[in-house]
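Me: I would like to learn how to read a fold from its coordinates. Can we take one feature at a time?

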Amino acid sequence: MNAYKGLITALLALGVAAGCSTHPANHAAQVVSGPSAKLQQVTVPVGSGPGRYTVQAQPAPGTCHFGKTSDGQPLPDPVCTPGATNPNVTAANLADTICKSGYTASIRPNSNITGREKEANIKSYGYTGDPRDAEYDHLISLELGGDPNDPRNLWVEPPSPDHKAGGGTANPKDRVENQLHSLICSGKVALTDAQGAIAADWTTALAVIGHPGGK
């Protein structure tokens, strides 16, 4: 019996040393991607893609919780909003999808759909600020191949710390998205690398992929 216990202990120790995870299988897994095999990013769910949109059910009220960076920038709840990609966008068809002028406008859900989803998502996150200053935002934006209407890819994004009340929904995440889009379409960054980086943390996405200036 003691020998059996010793064998189990040794096997467990080998598993830890080899980097085996004790997290449940449905948690976002860390993977290595990119030609250098050095870029760490999270796997991202795949959505259903563009189609005939209907109002999507949102997480139950009060079950989602905003995160915050050290400088106060808002982050989504990684369980409620892990992101989701558009299956119609691949590395092989970028020129005909996200890098083609007008593509994102052609797949964007109507505000009659997203407006009702936003109202429900405000309750999901318990957001108490002015709704006009909170964007119902795609975590992985459409220009980065994010799914248009998957509830895992949309969240009520609160305004940034320096936002002026009543100033609308403009936020610094938009600049990050634009820079990543430019890098993807110029062939400097792989589509999946950019998607994984922004899904993990939009505030560090450019630094993580090795282009802090977006060039």
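Predicted model: local features only at pLDDT ≥ 70, side-chain atom pairs only at ≥ 80, totals over all residues.

Me: Which helix is largely enclosed by the rest of the structure?
Reply: Helix α5 is, because 8 of its 10 residues are buried. The buried set is Leu191, Asp193, Ala194, Gln195, Gly196, Ala197, Ile198 and Ala199.

Me: What is the overall layout of helices and strands?
Reply: The protein has 6 helices and 6 strands. Read from the N terminus, the order is α-β-β-β-β-α-α-β-β-α-α-α. Next, look at contact range. Take the contacts with a separation of 6 or more: 71% of them join residues 24 or more positions apart. The accessible surface comes to about 11,900 Å², and 56% of it belongs to carbon and sulfur atoms.

Me: How should I read a nonpolar core?
Reply: In soluble globular proteins, nonpolar side chains tend to be buried together. Here the largest nonpolar core has 30 residues. Ile98, Val176, Leu180, Ile184, Ile198 and Ile209 have the most contacts inside it.

Me: Which elements give two or more residues to this core?
Reply: They are α2, α4 (173-185), α5 (191-200) and α6 (205-208). The largest share, 5 residues, comes from α5. Beyond its neighbours within four places in sequence, Val176 is in contact with Ile198, Trp202, Ala205 and Leu206. Another core lies apart from the 30-residue one. That other core has 6 residues, among them Ile122, Ala134, Tyr136 and Val156.

Me: How do I read a single helix?
Reply: An α-helix has 3.6 residues a turn, so residues three or four places apart point the same way. Now take α3. Its buried residues are Ile113, Thr114, Glu117, Lys118, Asn121, Ile122, Ser124 and Tyr125. What covers them includes β5 (135-138) and β6.

Me: What span does α3 reach, and what is expected?
Reply: Helix α3 has 15 residues and reaches 20 Å from its first C-alpha to its last. That is close to the 21 Å expected at 1.5 Å a residue.

Me: What sits at the start of α3, and what comes just after α3?
Reply: At the start, a side-chain oxygen of Asn110 comes to within 2.7 Å of the backbone nitrogen of Asn112. Just after the helix, Gly126 takes a positive phi of about 65 degrees.

Me: Is Asn121 buried or exposed?
Reply: Asn121 is in helix α3. It counts as buried, because its relative accessibility is 1%, under the 20% cut-off. A polar atom of the Asn121 side chain lies 2.9 Å from the backbone nitrogen of Val156. Setting aside residues up to four places away in sequence, Asn121 touches Gln58, Pro59, Tyr136, Leu154, Trp155 and Val156.

Me: How do I read aromatic pairs?
Reply: A pair of aromatic rings is described by the distance of the centres and the angle of the planes. Here the count comes to 3 aromatic pairs. Phe66 and Tyr125 form a stacked pair, 4.5 Å centre to centre with 20 degrees between the planes. This pair links distant parts of the chain, 59 residues apart. Phe66 is in the loop between β2 (39-42) and β3 (67-68), and Tyr125 is in helix α3 (residues 111-125).

Me: Which residues form one aromatic cluster?
Reply: The cluster is Phe66, Tyr125, Tyr127 and Trp155.

How values were computed: Residues numbered from 1 in each chain as written. Heavy atoms only, no water. Phe/Tyr/Trp six-rings, centres within 6.5 Å; stacked < 30°, edge-to-face > 60°. Helix = DSSP H or I, 4+ residues; strand = E, 2+ residues; numbered from the N terminus. Expected span 1.5 Å × (residues − 1). Buried < 20%, exposed > 50% of the residue type's maximum accessible area, 1.4 Å probe, protein only. Contact = heavy atoms within 4.5 Å. Polar contact = N/O pair within 3.5 Å; in protein donor to acceptor, adjacent residues only side chain to side chain. Core = buried A, V, L, I, M, F, W, Y, C linked by side-chain atoms within 4.5 Å. Areas by Shrake-Rupley, 256 points an atom, 1.4 Å probe, with all protein chains shown as cover.
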